[in-house]
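I opened the model and kept a notebook of what I looked up. The entries follow in the order I made them.

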Amino acid sequence: MEASETMSSTTKTFDSAMRDGGVLITGASSGIGEAVALECTRRGAKTLFLCGRDEGRLAAVAEACRAAGADCVKADKVDVTDTAAVDRWMRECDATCPLAVVFANAGRGTGKESTENVRATFDLNVGGVVNTVLPAIEIFRAHGPDNFAQIVITASIAGYAPLPACPSYAATKACVKSWGLSLREFLRPEKIRVNVVCPGFVRSRLTDRNTCPMPMFMEAPHAARVIVARVRRDVGLIAFPWPMRLAVWFLSMLPWRLAAAIGRSLPEKNADNSQGITL
Ligand SMILES: NC(=O)c1ccc[n+]([C@@H]2O[C@H](COP(=O)([O-])OP(=O)(O)OC[C@H]3O[C@@H](n4cnc5c(N)ncnc54)[C@H](OP(=O)(O)O)[C@@H]3O)[C@@H](O)[C@H]2O)c1
(Lines give C-alpha, C1' and ligand atoms only; values in the text may rest on other atoms or scores of the structure.)
Protein backbone atom coordinates (compact mmCIF):
# COMPACT_ATOMS: atom_id res chain seq x y z
CA MET A 1 0.00 0.00 0.00
CA GLU A 2 1.15 3.55 -0.66
CA ALA A 3 1.92 5.50 2.50
CA SER A 4 -0.65 8.14 1.61
CA GLU A 5 -3.53 5.66 1.19
CA THR A 6 -6.49 6.25 3.44
CA MET A 7 -9.94 4.69 3.72
CA SER A 8 -11.90 7.72 2.52
CA SER A 9 -15.33 7.32 0.96
CA THR A 10 -13.57 7.64 -2.44
CA THR A 11 -11.39 4.60 -1.81
CA LYS A 12 -14.17 2.58 -0.14
CA THR A 13 -16.41 3.11 -3.16
CA PHE A 14 -13.59 2.07 -5.48
CA ASP A 15 -12.97 -1.10 -3.49
CA SER A 16 -16.60 -2.19 -3.62
CA ALA A 17 -16.91 -1.26 -7.31
CA MET A 18 -13.84 -3.39 -8.10
CA ARG A 19 -15.29 -6.29 -6.15
CA ASP A 20 -18.84 -6.10 -7.55
CA GLY A 21 -18.38 -4.60 -11.02
CA GLY A 22 -16.40 -5.43 -14.14
CA VAL A 23 -12.82 -4.22 -14.62
CA LEU A 24 -11.90 -3.96 -18.30
CA ILE A 25 -8.29 -3.57 -19.45
CA THR A 26 -7.08 -3.19 -23.04
CA GLY A 27 -3.52 -4.26 -23.82
CA ALA A 28 -3.60 -6.74 -20.95
CA SER A 29 -1.52 -9.48 -22.60
CA SER A 30 1.82 -8.11 -21.36
CA GLY A 31 3.68 -5.33 -19.58
CA ILE A 32 1.76 -2.67 -17.69
CA GLY A 33 -1.70 -4.01 -18.67
CA GLU A 34 -0.83 -7.51 -17.46
CA ALA A 35 0.56 -6.11 -14.19
CA VAL A 36 -2.50 -3.89 -13.68
CA ALA A 37 -4.79 -6.92 -14.19
CA LEU A 38 -2.89 -8.83 -11.51
CA GLU A 39 -2.77 -5.83 -9.16
CA CYS A 40 -6.55 -5.28 -9.52
CA THR A 41 -7.05 -8.96 -8.71
CA ARG A 42 -4.76 -8.66 -5.68
CA ARG A 43 -6.92 -5.74 -4.52
CA GLY A 44 -10.12 -7.76 -4.79
CA ALA A 45 -11.38 -7.47 -8.38
CA LYS A 46 -13.50 -10.53 -9.14
CA THR A 47 -14.56 -9.96 -12.76
CA LEU A 48 -11.95 -9.00 -15.33
CA PHE A 49 -12.28 -8.38 -19.05
CA LEU A 50 -8.92 -8.43 -20.82
CA CYS A 51 -8.00 -7.85 -24.42
CA GLY A 52 -4.99 -7.90 -26.69
CA ARG A 53 -4.14 -9.65 -29.94
CA ASP A 54 -1.86 -12.46 -28.78
CA GLU A 55 -4.19 -15.22 -27.57
CA GLY A 56 -1.43 -17.29 -25.95
CA ARG A 57 -0.13 -14.46 -23.79
CA LEU A 58 -3.69 -13.33 -22.97
CA ALA A 59 -4.65 -16.83 -21.82
CA ALA A 60 -1.58 -16.96 -19.56
CA VAL A 61 -2.50 -13.62 -17.94
CA ALA A 62 -6.11 -14.76 -17.49
CA GLU A 63 -4.90 -17.95 -15.81
CA ALA A 64 -2.63 -15.98 -13.48
CA CYS A 65 -5.58 -13.73 -12.49
CA ARG A 66 -7.75 -16.78 -11.77
CA ALA A 67 -4.96 -18.29 -9.68
CA ALA A 68 -4.75 -14.98 -7.79
CA GLY A 69 -8.47 -15.09 -6.90
CA ALA A 70 -10.53 -13.66 -9.77
CA ASP A 71 -13.80 -15.55 -10.33
CA CYS A 72 -14.54 -14.56 -13.90
CA VAL A 73 -11.86 -13.64 -16.40
CA LYS A 74 -12.91 -13.11 -20.00
CA ALA A 75 -9.84 -12.73 -22.21
CA ASP A 76 -10.52 -11.94 -25.84
CA LYS A 77 -8.56 -11.24 -28.95
CA VAL A 78 -9.68 -7.72 -29.87
CA ASP A 79 -7.80 -5.20 -31.99
CA VAL A 80 -8.56 -1.84 -30.40
CA THR A 81 -8.05 -0.02 -33.71
CA ASP A 82 -11.21 -1.78 -34.97
CA THR A 83 -13.93 0.63 -33.80
CA ALA A 84 -16.88 -1.74 -34.29
CA ALA A 85 -15.12 -4.72 -32.72
CA VAL A 86 -14.16 -2.80 -29.57
CA ASP A 87 -17.66 -1.37 -29.22
CA ARG A 88 -19.22 -4.84 -29.60
CA TRP A 89 -16.76 -6.44 -27.17
CA MET A 90 -17.24 -3.76 -24.50
CA ARG A 91 -21.02 -4.07 -24.67
CA GLU A 92 -20.75 -7.87 -24.39
CA CYS A 93 -18.53 -7.45 -21.32
CA ASP A 94 -20.98 -4.98 -19.79
CA ALA A 95 -23.83 -7.44 -20.35
CA THR A 96 -21.82 -10.14 -18.54
CA CYS A 97 -21.09 -7.87 -15.57
CA PRO A 98 -21.76 -4.11 -15.52
CA LEU A 99 -18.48 -2.30 -16.06
CA ALA A 100 -17.11 -0.19 -13.21
CA VAL A 101 -13.52 0.58 -14.25
CA VAL A 102 -12.13 0.77 -17.79
CA PHE A 103 -8.38 0.97 -18.46
CA ALA A 104 -7.61 2.23 -21.99
CA ASN A 105 -4.05 0.99 -21.89
CA ALA A 106 -3.12 -0.64 -25.21
CA GLY A 107 -0.35 1.22 -26.97
CA ARG A 108 2.82 0.88 -29.00
CA GLY A 109 6.13 2.58 -29.62
CA THR A 110 6.83 3.92 -33.08
CA GLY A 111 10.25 2.47 -33.77
CA LYS A 112 11.57 3.95 -36.98
CA GLU A 113 9.53 7.06 -37.88
CA SER A 114 8.42 5.63 -41.22
CA THR A 115 5.10 6.66 -42.76
CA GLU A 116 3.65 3.26 -41.93
CA ASN A 117 4.87 3.29 -38.31
CA VAL A 118 3.75 6.86 -37.65
CA ARG A 119 0.25 6.08 -38.94
CA ALA A 120 0.10 2.86 -36.90
CA THR A 121 1.17 4.76 -33.77
CA PHE A 122 -1.58 7.35 -34.18
CA ASP A 123 -4.13 4.63 -35.04
CA LEU A 124 -3.37 2.67 -31.87
CA ASN A 125 -2.25 5.24 -29.28
CA VAL A 126 -4.95 7.77 -30.17
CA GLY A 127 -7.53 5.82 -32.20
CA GLY A 128 -7.45 2.80 -29.88
CA VAL A 129 -7.95 5.03 -26.83
CA VAL A 130 -10.83 6.88 -28.49
CA ASN A 131 -12.36 3.53 -29.51
CA THR A 132 -12.26 2.40 -25.87
CA VAL A 133 -13.22 5.60 -24.09
CA LEU A 134 -16.26 6.54 -26.20
CA PRO A 135 -18.16 3.25 -25.61
CA ALA A 136 -17.12 3.44 -21.95
CA ILE A 137 -18.76 6.86 -21.64
CA GLU A 138 -21.94 5.61 -23.36
CA ILE A 139 -22.09 2.53 -21.16
CA PHE A 140 -21.53 4.53 -17.97
CA ARG A 141 -24.14 7.10 -18.99
CA ALA A 142 -26.62 4.27 -19.53
CA HIS A 143 -25.84 2.95 -16.03
CA GLY A 144 -26.77 6.35 -14.57
CA PRO A 145 -24.91 8.63 -12.14
CA ASP A 146 -25.59 6.48 -9.07
CA ASN A 147 -23.33 3.72 -10.36
CA PHE A 148 -19.57 3.77 -10.07
CA ALA A 149 -17.74 4.73 -13.26
CA GLN A 150 -14.02 5.27 -13.81
CA ILE A 151 -11.97 5.55 -16.99
CA VAL A 152 -8.18 5.32 -16.84
CA ILE A 153 -6.13 6.36 -19.86
CA THR A 154 -2.49 5.33 -20.20
CA ALA A 155 -0.50 8.24 -21.63
CA SER A 156 3.20 8.64 -20.76
CA ILE A 157 5.82 10.95 -19.28
CA ALA A 158 6.68 11.38 -22.99
CA GLY A 159 3.40 13.29 -23.35
CA TYR A 160 4.64 16.31 -21.37
CA ALA A 161 6.80 17.96 -24.03
CA PRO A 162 7.74 17.58 -27.69
CA LEU A 163 10.54 14.99 -27.87
CA PRO A 164 12.74 14.97 -30.99
CA ALA A 165 13.72 11.35 -30.22
CA CYS A 166 10.17 10.04 -30.58
CA PRO A 167 8.01 12.64 -32.38
CA SER A 168 4.91 10.60 -33.10
CA TYR A 169 4.94 8.64 -29.84
CA ALA A 170 5.26 11.87 -27.80
CA ALA A 171 2.52 13.51 -29.87
CA THR A 172 0.06 10.65 -29.36
CA LYS A 173 0.71 10.61 -25.63
CA ALA A 174 0.33 14.41 -25.38
CA CYS A 175 -2.99 14.05 -27.20
CA VAL A 176 -4.50 11.42 -24.91
CA LYS A 177 -3.09 13.17 -21.81
CA SER A 178 -4.79 16.40 -22.82
CA TRP A 179 -8.03 14.65 -23.84
CA GLY A 180 -8.16 12.68 -20.61
CA LEU A 181 -7.57 15.65 -18.34
CA SER A 182 -10.19 17.68 -20.20
CA LEU A 183 -12.65 14.78 -20.06
CA ARG A 184 -12.07 14.50 -16.32
CA GLU A 185 -13.63 17.93 -15.81
CA PHE A 186 -16.14 17.55 -18.67
CA LEU A 187 -17.54 14.32 -17.18
CA ARG A 188 -17.33 15.36 -13.52
CA PRO A 189 -21.00 16.51 -13.41
CA GLU A 190 -22.00 13.01 -14.59
CA LYS A 191 -19.88 11.40 -11.85
CA ILE A 192 -17.69 9.61 -14.36
CA ARG A 193 -14.13 9.71 -13.05
CA VAL A 194 -11.26 10.02 -15.52
CA ASN A 195 -7.59 9.52 -14.68
CA VAL A 196 -4.53 9.91 -16.87
CA VAL A 197 -1.49 7.72 -16.19
CA CYS A 198 1.95 8.97 -17.23
CA PRO A 199 4.59 6.42 -16.31
CA GLY A 200 8.33 6.81 -16.83
CA PHE A 201 10.36 3.83 -18.05
CA VAL A 202 8.71 0.51 -17.15
CA ARG A 203 9.97 -2.94 -18.12
CA SER A 204 7.74 -4.32 -20.90
CA ARG A 205 7.95 -5.64 -24.46
CA LEU A 206 7.88 -1.98 -25.48
CA THR A 207 10.97 -0.88 -23.54
CA ASP A 208 12.77 -4.19 -24.17
CA ARG A 209 13.61 -2.69 -27.58
CA ASN A 210 15.28 0.42 -26.15
CA THR A 211 19.05 0.47 -26.13
CA CYS A 212 19.30 3.97 -24.67
CA PRO A 213 19.78 4.65 -20.94
CA MET A 214 16.46 4.39 -19.09
CA PRO A 215 16.76 6.37 -15.84
CA MET A 216 14.66 5.26 -12.87
CA PHE A 217 13.63 2.08 -14.69
CA MET A 218 10.73 0.30 -12.94
CA GLU A 219 9.45 -3.25 -12.98
CA ALA A 220 5.85 -3.54 -14.24
CA PRO A 221 4.38 -4.87 -10.95
CA HIS A 222 5.84 -1.85 -9.12
CA ALA A 223 4.32 0.53 -11.70
CA ALA A 224 0.97 -1.28 -11.43
CA ARG A 225 0.94 -0.88 -7.64
CA VAL A 226 1.46 2.88 -8.03
CA ILE A 227 -1.16 3.13 -10.78
CA VAL A 228 -3.94 1.19 -9.06
CA ALA A 229 -3.31 2.84 -5.67
CA ARG A 230 -3.67 6.29 -7.23
CA VAL A 231 -6.61 5.32 -9.44
CA ARG A 232 -8.25 4.16 -6.21
CA ARG A 233 -7.70 7.61 -4.69
CA ASP A 234 -8.97 9.18 -7.93
CA VAL A 235 -5.75 11.13 -8.58
CA GLY A 236 -6.36 12.98 -11.85
CA LEU A 237 -2.83 12.95 -13.26
CA ILE A 238 -0.81 9.93 -12.19
CA ALA A 239 2.73 10.77 -13.31
CA PHE A 240 5.68 8.94 -11.80
CA PRO A 241 8.43 8.54 -10.73
CA TRP A 242 8.35 12.08 -9.38
CA PRO A 243 11.90 13.14 -10.40
CA MET A 244 11.07 12.32 -14.03
CA ARG A 245 7.76 14.13 -13.69
CA LEU A 246 9.62 17.18 -12.39
CA ALA A 247 12.18 16.96 -15.20
CA VAL A 248 9.60 16.78 -18.01
CA TRP A 249 7.45 19.45 -16.39
CA PHE A 250 10.52 21.71 -16.28
CA LEU A 251 11.23 20.89 -19.95
CA SER A 252 7.65 21.78 -20.86
CA MET A 253 7.99 25.18 -19.10
CA LEU A 254 11.12 26.23 -20.99
CA PRO A 255 11.08 28.46 -24.07
CA TRP A 256 10.72 26.09 -27.03
CA ARG A 257 14.18 26.75 -28.53
CA LEU A 258 15.89 25.90 -25.25
CA ALA A 259 13.73 22.80 -24.74
CA ALA A 260 14.50 21.69 -28.31
CA ALA A 261 18.24 22.15 -27.74
CA ILE A 262 18.04 20.00 -24.60
CA GLY A 263 15.92 17.43 -26.46
CA ARG A 264 18.50 17.26 -29.26
CA SER A 265 21.28 16.64 -26.78
CA LEU A 266 19.59 13.63 -25.13
CA PRO A 267 21.26 10.29 -26.05
CA GLU A 268 18.04 8.52 -27.00
CA LYS A 269 18.59 6.96 -30.38
CA ASN A 270 19.09 3.25 -30.54
CA ALA A 271 22.34 1.82 -31.80
CA ASP A 272 21.17 1.52 -35.41
CA ASN A 273 20.00 5.14 -35.28
CA SER A 274 16.67 4.10 -36.74
CA GLN A 275 14.50 3.68 -33.66
CA GLY A 276 13.34 6.37 -31.28
CA ILE A 277 12.99 5.78 -27.56
CA THR A 278 9.75 4.61 -26.10
CA LEU A 279 8.41 5.34 -22.63
N1 LIG B 1 6.77 0.64 -20.70
C2 LIG B 1 6.93 1.92 -20.53
O3 LIG B 1 8.02 2.40 -20.16
C4 LIG B 1 5.76 2.85 -20.74
C5 LIG B 1 5.88 4.16 -20.25
C6 LIG B 1 4.82 5.03 -20.43
C7 LIG B 1 3.67 4.61 -21.05
N8 LIG B 1 3.58 3.34 -21.51
C9 LIG B 1 2.33 2.94 -22.14
O10 LIG B 1 1.82 1.83 -21.44
C11 LIG B 1 0.94 1.10 -22.29
C12 LIG B 1 1.27 -0.37 -22.21
O13 LIG B 1 2.55 -0.58 -22.80
P14 LIG B 1 3.64 -1.58 -22.20
O15 LIG B 1 4.83 -0.77 -21.88
O16 LIG B 1 3.04 -2.42 -21.17
O17 LIG B 1 4.02 -2.41 -23.50
P18 LIG B 1 3.63 -3.87 -24.01
O19 LIG B 1 4.12 -4.90 -23.06
O20 LIG B 1 4.07 -3.94 -25.42
O21 LIG B 1 2.05 -3.85 -23.93
C22 LIG B 1 1.25 -3.31 -24.94
C23 LIG B 1 -0.10 -3.98 -24.87
O24 LIG B 1 -0.94 -3.41 -25.89
C25 LIG B 1 -1.49 -4.49 -26.64
N26 LIG B 1 -1.77 -4.09 -28.00
C27 LIG B 1 -0.91 -3.64 -28.93
N28 LIG B 1 -1.57 -3.37 -30.07
C29 LIG B 1 -2.88 -3.68 -29.84
C30 LIG B 1 -4.05 -3.62 -30.63
N31 LIG B 1 -4.02 -3.17 -31.89
N32 LIG B 1 -5.22 -4.02 -30.08
C33 LIG B 1 -5.25 -4.48 -28.80
N34 LIG B 1 -4.19 -4.53 -28.00
C35 LIG B 1 -3.01 -4.14 -28.53
C36 LIG B 1 -0.44 -5.59 -26.59
O37 LIG B 1 -1.05 -6.83 -26.80
P38 LIG B 1 -0.83 -7.75 -28.11
O39 LIG B 1 0.59 -7.68 -28.49
O40 LIG B 1 -1.30 -9.08 -27.61
O41 LIG B 1 -1.75 -7.17 -29.12
C42 LIG B 1 0.00 -5.47 -25.14
O43 LIG B 1 -0.89 -6.16 -24.31
C44 LIG B 1 1.09 1.71 -23.68
O45 LIG B 1 0.04 2.62 -23.91
C46 LIG B 1 2.41 2.46 -23.58
O47 LIG B 1 2.51 3.52 -24.48
C48 LIG B 1 4.60 2.44 -21.36
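**Helix H5 and its partners**

I began with H5 and helix H6 (residues 167-186): their axes come within 9 Å and cross at roughly 15°. That makes H5 roughly parallel to H6, because angles under 35 degrees count as roughly parallel. I note that this is a predicted model. I then looked up the hand of the crossing, and H5 passes H6 in a right-handed one.

Which residues of H5 meet H6? I listed Val118, Thr121, Phe122, Asn125, Val126 and Val129 on the H5 side. On the H6 side I found Ser168, Tyr169, Thr172, Lys173, Cys175 and Val176. I sorted the residues of this contact into 7 nonpolar, 4 polar and 1 charged.

Next I took the other helix that I had for H5. Helix H4 (residues 83-96) packs with H5 (residues 115-143) at an angle of about 40°, and the axes are 9 Å apart. That makes H4 oblique to H5. The crossing of H4 and H5 is right-handed. From H4, I noted Thr83, Val86, Asp87, Met90, Arg91 and Asp94 in the contact. From H5, I noted Asn131, Thr132, Pro135, Ala136 and Ile139. The residues of the H4 contact with H5 divide into 5 nonpolar, 3 polar and 3 charged.

**The sheet**

I turned to the strands. How many strands form the sheet, and in what order? I found 7 strands in an open sheet, ordered S3-S2-S1-S4-S5-S6-S7, with parallel pairing. Strand S3 (72-77) and strand S7 (237-240) are the edge strands, and each pairs on one side only. I read an average twist of 15° from one strand to the next.

I checked three of the pairings. Strand S2 (residues 47-52) and S3 pair in the parallel sense over 6 bridges. In that pairing I found Cys51 opposite Asp76 in S3. Helix H3 (residues 55-67) packs on the sheet there, touching S2 and S3. The direction of H3 makes about 170° with that of S3.

Strand S1 (residues 22-26) pairs with S4 in the parallel sense over 4 bridges. Gly22 stands opposite Leu99 in S4. S4 also pairs with strand S5 (residues 150-154), again parallel and over 4 bridges. Here I placed Val101 opposite Gln150 in S5.

Is S4 (residues 99-104) buried or exposed? I found 6 of its 6 residues buried, so S4 is largely enclosed by the rest of the structure. I also looked at what covers the strand. H5 lies across S1, S4 and S5, and runs at about 165° to S4.

I finished with Ala239, which lies in strand S7. Ala239 has 23 C-beta neighbours inside 10 Å, so I count it as buried; the cut-off is 20 or more.

What does Ala239 touch, leaving out residues up to four places away in sequence? I found Ile157, Cys198 and Arg245. I also took one distance, from Ala239 to Val194. The two are 45 residues apart in sequence and 14 Å apart in space, C-alpha to C-alpha.

Terms used. Residues are numbered from 1 along each chain as its sequence is written. This is a predicted model: local features need pLDDT of at least 70, side-chain atom pairs count only at pLDDT 80 or more; totals for chains, interfaces and linings use all residues. Axes are lines fitted to C-alpha atoms, for helices over the stretch in contact, and angles run from 0 to 180 degrees between N-to-C directions. Helices (H or I, at least four residues) and strands (E, at least two) are DSSP runs, numbered from the N terminus. Angles under 35 degrees count as roughly parallel, over 145 as roughly antiparallel, 65 to 115 as roughly perpendicular and the rest as oblique. A crossing is left-handed if the near helix is turned anticlockwise from the far one by less than a right angle, and right-handed if clockwise. Two residues are in contact if their C-beta atoms, placed from the backbone, lie within 7 Å. Ala, Val, Leu, Ile, Met, Phe, Trp, Tyr, Cys and Pro count as nonpolar, Asp, Glu, Lys and Arg as charged, and the others, Gly among them, as polar. A residue is buried if 20 or more other C-beta atoms lie within 10 Å of its own, exposed if 12 or fewer, and partly exposed in between; C-beta atoms are placed from the backbone. Two strands pair if DSSP finds at least two bridges between them.
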